[in-house]
Amino acid sequence: MSFYSENPRFFVAVDCIIFSVVEEKLCLLLTKRRFEPEMGKWSLMGGFVQEDESTDTAARRVLKQLTGLENVYMEQVSAFGEIGRDPGERVISIAYYALLGPGEYIPRLLAEYNAEWVPLDSLPPLGFDHPDMVEKALSKLRESIAVRPIGFNLLSELFTLTQLQTLYETIMGHPIDKRNFRKRIADTPCIEKTPYIDKTSSRRGASLYRYNESLFNTLSKFKI
C-alpha cells in the first residue's frame, strides 16, 4: 500500500562539482555531453539516485565511476529544484562538491566520460543550472576552507608555504598578506615543518610542510 499515491513522483539526481589544482590553477572537472538533453554542452558529472541508494551514496558512486576513487572529501552543497531546470523531465538534483589532490584520478576514466579539467577562471557556458551550482559550491568552499582544514585535500602530502598561500588566494579570490599568513601558519601546530626541501622553484629551495590530521583531531582548532 502506498501512503502517497495521490502525490506526483519526480526524478532525483546528484551532480558533482569536482575541484582540483591542475598546473597551479584551481580547476573543475567537466564533461561534454554526448546525449540529449543539452547534447554537446559542457556540464558537471551527475547521475540519478537509485532505489537502494541515499543521495550521499549516489554522489560517491558517480565520483568513483569518474575518478576511480572512494575516499574523497565530499560535501553537500544544496538542492536544486526549479521546475524547468532540466528540459528532459522534472528532476530535482542534490549538488555536492569534492576535492581531489594532484593526480588523484585515472586519465583513462576521464577520457571514457569525455571529461576535462577546466580552469575556474575560464569556464565555458554550462548546461542546465550548473553555473548556479558552481557558484554556490565555490561560496560554500570559501566559507569552509577558512575555518576547517579541508584545503589540504587539494595539495600534495608535502607542500611549501607559498603553495599553500597560493591555494588559499586562488580559492578566496583575493591576495593574502604574506606576513599575516605566515604568522597564522606558525600559530597552527597541525601544519608541521619537515626536514625536506623543495628546489624546483629556486636554487636555495623552500622548506616543505605537511598537515598532521591526527594532531588536528586532538586539538580541534584551525583558522586561516
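Buried means under 20% relative accessible area, exposed over 50%, and partly exposed in between (1.4 Å probe, protein chains only). This is a predicted model, where local features need pLDDT of at least 70, side-chain atom pairs count only at pLDDT 80 or more, and totals for chains, interfaces and linings use all residues. Residues are numbered from 1 along each chain as its sequence is written, and side-chain values use heavy atoms, without hydrogens and water.

**Exercise 1.** State how much of the protein is buried, and list its helices and strands.

*Solution.* Start with the total: the protein has 224 residues, and 42% count as buried. Next, count elements: there are six helices and nine strands. These are DSSP runs (helices H or I, at least four residues; strands E, at least two), numbered from the N terminus.

**Exercise 2.** Find the residues that touch the most other members of the largest nonpolar core.

*Solution.* Define the core: a set of buried Ala, Val, Leu, Ile, Met, Phe, Trp, Tyr and Cys residues joined through side-chain atoms within 4.5 Å. The largest one holds 38 residues. Ile17, Phe19, Tyr97, Leu141, Leu164 and Ile191 touch the most other members. Helix 3 gives this core the most, six residues. Now take Tyr97. Leaving out residues up to four places away in sequence, Tyr97 touches Ile17, Phe19 and Leu141, among others. Contact means heavy atoms within 4.5 Å.

**Exercise 3.** Decide whether Thr160 is buried or exposed.

*Solution.* Locate Thr160: the loop between helix 3 and helix 4. Check its relative accessibility: at 5%, Thr160 counts as buried. Then look at its contacts: beyond four places in sequence, Thr160 touches Asp198, Ala206, Ser207 and Leu208.
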